[in-house]
Amino acid sequence: MRILIVNTLYPPEIIGGAEVSVSLLAEALAQQGHQVSVVCLQNEQALSVDERNGVRVYRVPLDNDYWPFGRDAKPSSIQRLKWHLQDTWNRKAAARFAEILDIEKPDVVHSNNLTGFSVSLWSEAKRRNIRIVHTLRDYSLICKRSTLFRAGSTCMRRCTACATMTTPYRRASRMVDAVTSNSQFVLDRHLEPGYFTKIPGRVIFNIADTTNLAATPGPASEDLIFGFIGRLEPEKGIDVVLRATELLPDTGWQLKIAGRGLEAYVRDIKAACRNDRVQWLGFTKSADFYAGVDVCLISSVWPEPLPRTLIEGIGAGKATICSTAGGIPEISEFSNLVGKYEPHDHRRLAELMQEAIRHTARWKKTSPARSHFAEKFTPETITGQYLEMYARKPGTSSQE
């Protein structure tokens with residue numbers, strides 16, 4: 001099968017989990033003998049084509065006023081408004097995409113995050129009668145911030161600006177032949193306002209290598225070692241974790257924090273945390289991190305679709321304490337020992353951590369995830385589910 005995958009970014013350009021998930025899927029499909037190409041954006045003014053692990057990668061210029069990814073300085077509100085208006089229906093991006101479609105002649109276009117491209121790409125595939133499968137990996141089709149998160153809290157209702165500016169996306173979603181999502185939560189949030197009406201859809205998890213982390217022994221320490229790994233930013237709830245540690249006893253625990261963030265923000269939270277039981281590891285390899293902790297903390301306060309760190313932690317046999325944001329509860333159920341709290345509730349998080357400290361032996365125990373957990377994230381499982389959606393005849397349903 002000739003498969004053309006679209007995502008805003010692609011390795012080595014990585015700012016989040018979507019780039020990792022898309023590349024793992026593309027490479028797994030290529031390894032099975034399919035002809036796979038990828039279209040992504042780059043911060044250059046010319047098209048470039050390269051091959052990465054058996055996948056042909058088209059890197060195209062961004063047809064908009066500025067490169068928005070990984071910026072420390074925030075553009076003005078007028079600049080952002082102009083950028084988003086251009087991103088509503090980007091004719092230049094569609095024209096570039098059309099040229100690649102005519103070269104590749106794919107059997108299916110699999111679109112993912114489209115920020116910077118716009119949904120105008122769907123019209124070019126539709127015009128050529130190419131099947132379109134779209135995967136929801138964020139909220140960019142219903143929220144101009146892509147997060148459903150503003151001023152420190154989840155948007156329970158979409159603001160007027162987002163609802164107005166994304167109206168073309170809702171209409172354009174009718175061009176898609178099938179829709180998938182990495183969590184039911186994200187899929188439901190798009191179906192509620194009328195996106196992808198009467199279009200076959202299902203939940204398909206991301207590929208994740210849980211075998212190398214299986215039953216990873218914890219550290220040889222009498223203390224219970226809590227661990228946080230991920231981007232150090234407000235959306236990930238690292239400040240909630242640090243506030244919870246202020247309520248913990250003086251002995252019996254440690255907290256290891258792995259990850260990076262914006263320099264100014266990380267400097268501020270480090271300065272505010274004076275507890276010597278908190279260790280700042282910086283960038284750390286996943287396997288090393290999980291071998292050094294007993295309990296994983298998943299503290300997102302934004303409605304995160306499917307945190308890869310949660311899958312890895314459960315795969316490593318670690319106990320988990322997690323917020324109930326977004327799609328997190330859908331995966332946390334696979335853990336043999338889990339505590340849950342509402343996002344932002346640092347007091348409840350502290351209570352759960354205190355309970356774990358009181359029963360250190362139980363929470364230190366490495367336990368395999370529930371049966372069939374690993375199989376749900378293997379390349380064979382995930383590619384098989386996507387190939388089914390790629391080949392499904394229009395009008396059939398597979399909603400799960």
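**Reading spaces, strands and cores**

Tutor: The second largest cavity holds about 40 Å³ of space. This is a predicted model, in which local features need pLDDT of at least 70 and side-chain atom pairs count only at pLDDT 80 or more, while totals for chains, interfaces and linings use all residues. Residues are numbered from 1 along each chain as its sequence is written, and side-chain values use heavy atoms, with hydrogens and water left out.

Student: What counts as a cavity, and what as a pocket?

Tutor: The general idea is that rolling a probe the size of a water molecule over the atoms shows where empty space is left. On a 1 Å grid over the protein atoms alone, a cavity is a set of points where a 1.4 Å probe fits but cannot get out, whereas a pocket is an open set with protein on both sides within 12 Å along at least five of seven lines; a lining residue has an atom within 4 Å of a point. Points are joined across faces, edges and corners, and the volume is the space filled by probe spheres set on them. Here the count comes to 2 cavities of 30 Å³ or more.

Student: Which residues line the second largest cavity?

Tutor: Its lining is formed by Asn112, Asn113, Leu114, His134, Thr135, Leu136, Arg137, Asp138, Ser140, Leu141 and His190. Strand β6 provides the largest share, 3 residues; helices (H or I, at least four residues) and strands (E, at least two) are DSSP runs numbered from the N terminus. By class the lining divides into 3 nonpolar, 6 polar and 2 charged residues, where Ala, Val, Leu, Ile, Met, Phe, Trp, Tyr, Cys and Pro count as nonpolar, Asp, Glu, Lys and Arg as charged, and the others, Gly among them, as polar.

Student: And how much space lies in the largest cavity?

Tutor: The largest cavity has about 60 Å³, and its lining includes Phe228, Lys236, Ile298 and Glu304. Two or more lining residues come from each of β11 (224-229) and β14 (295-298), and the classes are 4 nonpolar, 4 polar and 2 charged.

Student: How should I read the second largest pocket?

Tutor: That pocket contains about 190 Å³ of space. Of its 14 lining residues, Thr154, Met156, Ala325, Gly326 and Pro343 are the closest to the centre. At least two lining residues each come from β8 (153-154) and α7 (184-191), and the lining comprises 7 nonpolar, 5 polar and 2 charged residues.

Student: How are the strands around β6 read?

Tutor: In a regular strand the side chains alternate between the two faces of the sheet. In strand β5 (residues 108-111), Val108 and His110 point one way and Val109 and Ser111 the other, and all are buried. Two strands pair if DSSP finds at least two bridges between them. Strand β1 (residues 2-6) runs parallel to β5 with 4 bridges, and β5 is joined to β6 by 4 bridges, also in the parallel sense; there Val109 has Ile132 as its bridge partner. On β6 (residues 131-136) there are likewise 4 parallel bridges to β9, where Val133 is partnered by Ala178. Strand β9 (residues 178-181) is covered on both faces, with Ala178 and Thr180 buried on one side and Val179 and Ser181 on the other. Finally, 3 parallel bridges link β9 to β10 (residues 201-203).

Student: How many residues make up the largest nonpolar core?

Tutor: In soluble globular proteins, nonpolar side chains tend to be buried together. A nonpolar core is a set of buried Ala, Val, Leu, Ile, Met, Phe, Trp, Tyr and Cys residues joined through side-chain atoms within 4.5 Å. The largest one has 76 residues, with Trp122, Phe226 and Ile321 making the most contacts inside it, and helix α13 (residues 346-358) gives the most to this core, 6 residues. Another core, of 38 residues, lies apart from it and includes Val55, Val108, Phe205 and Cys322. Beyond four places in sequence, the contacts of Trp122 include Leu114, Ile132, His134 and Leu141.

How values were computed: Buried means under 20% relative accessible area, exposed over 50%, partly exposed in between (1.4 Å probe, protein chains only). Contact means heavy atoms within 4.5 Å.
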